[in-house]
Amino acid sequence: MHETLCDYVLELVNNAIEAGAKKVDLLLEEHPDNTLLRVLDDGKGMCAEEVRNCFDPFRTDSCKHPERRTGLGLALLEAAVFDVEGTVNIKSEPGLRTEIMVTFDPRRPDALPVGNLAEL
């Protein structure tokens, strides 16, 4: 189970690499009333249907992991962020890029701690 936002960063970067990304840009901004995480990659991107279904824990890219029937990373991220009334938005263009933007209020008692990115 992911305990910090940095655990999810690792998950998102791994997803980008598995999607063929050569470049992954990370932005993590901490403010007193808002935490922002943005991951932008130049991987294979997703079509509109894939974006709509990417939070479904019972769907995964069968090309990346033919033995898997579930994909929990984005589903768990969405649940953790929505539990604190944050947002997760995905923009993607097939063959070009995917951008994932996460925002939440870190003052919420059950908000994810950021963690230590350097230890990843």
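First, a word on the labels: helices (H or I, at least four residues) and strands (E, at least two) are DSSP runs, numbered from the N terminus. Keep in mind, too, that this is a predicted model.

**Stop 1: helix α1**

Select residues 5-18, which make up α1. This helix has 14 residues and spans 20 Å from its first C-alpha to its last, close to the 20 Å expected at 1.5 Å a residue. Now show side chains for Leu-5, Cys-6, Tyr-8, Val-9, Leu-12, Val-13 and Ala-16, the buried residues here. Why do they sit on the same side of α1? Look down the axis: they cover an arc of only 150° around it, which puts them on one and the same side.

**Stop 2**

Color the four strands and read across: the order is β1-β2-β4-β3, in an open sheet with antiparallel pairing. β1 and β3 (87-93) are at the edges with a single partner strand each, so one side of each has no neighbour in the sheet. From one strand to the next, the twist averages 5°.

Zoom in on β4. Six of its eight residues are buried, so this strand is mostly covered. Seven bridges join β2 to β4, and Arg-38 has Met-101 as its bridge partner in β4. Toward β3 there are seven bridges as well, again antiparallel. Pick out Ser-92 opposite Thr-98, then Thr-87 opposite Thr-103. β3 and β4 form a hairpin with three residues between them, and Gly-95 in the turn has a positive phi of about 80°.

**Stop 3: helices over strands**

Show the helices and the sheet together. α1 lies across β1, β2 and β4, running at about 15° to β2. α3 lies across β3 and β4, and runs at about 140° to β3.

Which residues of α3 are buried? Select Gly-73, Leu-74, Ala-75, Leu-77, Ala-80 and Val-81. Together they pack against α1, β3 and β4.

**Stop 4: the core**

Next, find Leu-74, Leu-77, Ile-90 and Val-102, the residues with the most contacts inside the largest nonpolar core, which has 23 residues. At least two residues of this core come from each of α1, β2, α3, β3 and β4. α1 gives the most, with five.

Center on Leu-77. Apart from neighbours within four places in sequence, Leu-77 is in contact with Tyr-8, Leu-12, Val-88 and Val-102.

**Stop 5: past the last strand**

Finish at Ala-111, in the segment after β4. Buried or exposed? Its relative accessibility is 15%, and buried means under 20%, so Ala-111 counts as buried. Setting aside neighbours within four places in sequence, Ala-111 touches Val-84, Phe-104, Asp-105 and Pro-106. Now draw a distance to Ala-80: the two C-alpha atoms are separated by 7.8 Å, although the residues are 31 apart along the chain.

How values were computed. Residues are numbered from 1 along each chain as its sequence is written. This is a predicted model: local features need pLDDT of at least 70, side-chain atom pairs count only at pLDDT 80 or more; totals for chains, interfaces and linings use all residues. Side-chain values use heavy atoms; hydrogens and water are left out. The expected span of a helix is 1.5 Å times one less than its number of residues. Buried means under 20% relative accessible area, exposed over 50%, partly exposed in between (1.4 Å probe, protein chains only). The arc is that of the directions from the helix axis to the C-beta atoms. Two strands pair if DSSP finds at least two bridges between them. Axes are lines fitted to C-alpha atoms, for helices over the stretch in contact, and angles run from 0 to 180 degrees between N-to-C directions. Contact means heavy atoms within 4.5 Å. A nonpolar core is a set of buried Ala, Val, Leu, Ile, Met, Phe, Trp, Tyr and Cys residues joined through side-chain atoms within 4.5 Å.
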